[in-house]
Amino acid sequence: RLLELPPDAESGDRGLIHSGEFANAGLAVFSKNLKAFRESESGRDFCLGANVLSPDGRGNEIRMLGEALVDLVDYFTLNASCPNTSMVQTALAGPIREIKALVGPAGGKPILVKIEPTGRLEVLEAMVECFLHAGATGFVAGNSLSAHSRDLLPGVTLPWPERRGPYPVKFGAFSGPELRGANLAMVSTLRRLAPSALIIASG
């Protein structure tokens, strides 16, 4: 599920296209393993960001995860991709609902929102305002780039993998040096809009 790309001509850094869909044994087993790890010698300084965005954006999944993990984690992260659309309010409804659902169970621990790279800074501004108002306290920028947003890298050809079938679909997400400019612009914009927010730069 990992495709390593040739080195960047200038920096020599390599990019990756990845498609991670990781099965697990469930919340009870995960919580037990995490608790044992944190209590072990190797786990004393461990920091976990729990990705708790439910697949369908409904139900009590977020509250349940927050209540189960709040004593075991240092912060939570929610994954929200940039909508790249003029229908910002509609596109943001899911992540906003998830943030609000997590505020209580998080018990004051940071709630970060992970945002996909975007060149549309006006969209990013709308996202930041909505997420902060909902209760987010920080951001992860800028995630990795999904296939549907590959036009953010004009002139860059990436060998996106495709799911086989009568209607092939490109899948996976890209991280690499080609995203440096977009991610730096996102971090700069986030700091301007949210001077006191916790910001983790990635990608």
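**Exercise 1.** Determine whether Ser31 is buried or exposed, and state where Ser31 lies.

*Solution.* Step 1: Ser31 counts as buried because its relative accessibility is 14%; buried means under 20% relative accessible area, exposed over 50%, and partly exposed in between (1.4 Å probe, protein chains only). The model is predicted: local features need pLDDT of at least 70, side-chain atom pairs count only at pLDDT 80 or more, and totals for chains, interfaces and linings use all residues. Residues are numbered from 1 along each chain as its sequence is written, and side-chain values use heavy atoms, with hydrogens and water left out.

Step 2: Helix H1, residues 27-39, contains Ser31. Helices (H or I, at least four residues) and strands (E, at least two) are DSSP runs, numbered from the N terminus.

Step 3: Apart from neighbours within four places in sequence, Ser31 is in contact (heavy atoms within 4.5 Å) with Ala68, Leu69 and Leu72.

**Exercise 2.** Describe the open sheet formed by four strands.

*Solution.* Step 1: The strand order is E1-E2-E10-E7, with antiparallel pairing; two strands pair if DSSP finds at least two bridges between them.

Step 2: Strand E1 (2-4) and strand E7 (145-146) are the edge strands, each pairing on one side only.

Step 3: Three bridges join E1 to strand E2 (residues 16-18) in the antiparallel sense. Glu4 has Leu16 in E2 as its bridge partner.

**Exercise 3.** State how many helices and strands the protein has, and what share of its residues is buried.

*Solution.* Step 1: The protein has six helices and 11 strands.

Step 2: Of its 203 residues, 38% are buried.
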